[in-house]
Amino acid sequence: MQWRSRLWWAAALVACGAGVAYGFTLSSGGFAWMGWWAFCPGRELYFSYGSLPWEVVAWAPLVRYSGAPLVVLAALGHWASIRWGRPRAGRVSGRAVGVLLLALYGTAPVGFAVDMAFDRACLDGWGGPQGAEALVLPDLAPTVAALCVLAAVRVPRHRVRRLVGTTLRARWFRRGVAACTVFGVLAFVPARDIEAGVVTTAEQCGSPSTMSTTPEVGERAFVCAYRGAGRLDDVADHHLVAYGRAMCAVYPRKDVMPYYIEPICPRAAADGEARRAAEEAEYQAEDAKNQKVCDASRHRPLVRPVRVARERTWTDYGVLESSETEASIDDDLLTIAQRDGLVASLPGHLMVLSHSDYDICLTAETYRRRPPVEGRGWDRVVEVGYDSPTGDIRLMDPMSGESDLPNLAFRGKGHYRVRVHYREPDWEAWTPQHILVMVYPAGGDQVVVHRPRSERG
């Protein structure tokens, strides 16, 4: 055996030993796949194998421990074949061992290297640094060992020169080269995808229209969807469109995000339209159900009110308020209301609390004099005094700034009493909560709890 082969065999054994040592140092851990929007051919190749390499390693003990047992046997076989005068058998067995180890362990390192050279965003597709450490590093040592084995059994250089010379002089080779040259020119000369190309920026795309209910279509809409997401910002538009076409070809594969390819993929667009229609139908059904609950539970006043107003509404943060002065912005009324849990007031500022996740069947009634107390059927009833400096009491969601309720201060500015009734929603059926607000002119700022939280009629 030549010194060259001995050195390569020694390198292969050292690489296997390093892999075995690294395997014993590994500790238990985990990683998570985050969202990625890059085209990662190496990752696709690696995961297309599925669990086949792991099953082979689990079934064949010789390829375990970074392939060390198989490399040792291959080295001994190569040495024995040379001693017995049959070097060809040793080279063939060594090549078979190298190819087998590359097939079992080489996909992850090679695929990861290709993806990192193609697009650094592919790191998320491999599970981030933790995923790369778990998937790539354990296979690195046996991959290096396989390459060393192939180098150890390669044909001597003078034989390679002889084989190459014979091949170059062969008629079939010269004709094949001529044909490949012609086809290569025809295939690649018209191609324009090697050009750098235009890169449309997110600023050039502008803000998407929120008024249109029809999704935009076309290559520009596709490119702008990616630019708006902040992904593949340095990839030319025509490269990005080619990637999108490739994703459309394999749709509906699980790792393909249909939202981004809808503008250029009719199948994804059809699925998206069906999904949006189903969501809209579900929303309409929920909306009709909640409105039916509000209509069926209308309050019947015991005495004739001046005016009654009803609306089904909702809040962003569970707050309905009327603010008549600029000083109310910093008066800390929310803290006071949260202590009570339902209603609180300061001069020029009235606040009613609710649950932010449920619709509200809101009823407001105004009276000329104090109405009878109604506690039956309500979870809480609390009454507070309120001083209106401008005579404009309009309860609304402070985030939206809109309300269909009229002005509740029907006598203009002055002092009023505000009685708030609250009934919880059906938590399991997801039906609305109910709030009844009674307003009448009267003095006094004391807080009167007509029905505490723990009582229910």
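Two strands pair if DSSP finds at least two bridges between them. Keep that in mind for this predicted model.

**Exercise 1. Find the partners of strand 7 and decide whether strand 7 is enclosed.**

Step 1. Start with strand 6, residues 380-388. Nine bridges join strand 6 to strand 7, and the two run antiparallel.

Step 2. Turn to strand 8, residues 433-441. Eight bridges link strand 7 and strand 8, again antiparallel. Here Val420 stands opposite Val437.

Step 3. Check burial. Buried means under 20% relative accessible area. Strand 7 covers residues 414-423, and eight of its 10 residues are buried, so strand 7 is largely enclosed by the rest of the structure.

**Exercise 2. Work out the strand order of the three-stranded open sheet, and name its edges.**

Step 1. The order is 2-4-3, with antiparallel pairing.

Step 2. Strand 2 (319-323) and strand 3 (343-346) are the edges, because each pairs on one side only.

Step 3. Look at one pairing. Five bridges join strand 2 to strand 4, residues 349-353. Leu320 stands opposite Val352 in strand 4.

Step 4. Helix 17 (residues 333-340) lies across strands 2, 3 and 4, at about 40° to strand 4.

**Exercise 3. Locate the nonpolar surface patch and classify Leu62.**

Step 1. The patch consists of Leu13, Leu62, Val72, Leu73 and Leu76, with about 420 Å² of accessible area together.

Step 2. Helix 4 (residues 68-83) gives the largest share, three residues.

Step 3. Leu62 sits in the loop between helix 3 (52-59) and helix 4. Its relative accessibility is 41%, so Leu62 counts as partly exposed.

Note on methods:
Residues numbered from 1 in each chain as written. Predicted model: local features only at pLDDT ≥ 70, side-chain atom pairs only at ≥ 80, totals over all residues. Heavy atoms only, no water. Buried < 20%, exposed > 50% of the residue type's maximum accessible area, 1.4 Å probe, protein only. Helix = DSSP H or I, 4+ residues; strand = E, 2+ residues; numbered from the N terminus. Patch = residues over 30% accessible without salt bridge, like charges linked within 9 Å, V, L, I, M, F, W, Y side chains within 5 Å. Areas by Shrake-Rupley, 256 points an atom, 1.4 Å probe, with all protein chains shown as cover. Salt bridge = Lys/Arg side-chain N within 4 Å of Asp/Glu carboxyl O. Contact = heavy atoms within 4.5 Å. Axes fitted to C-alpha atoms, helices over the stretch in contact; angles between N-to-C directions.
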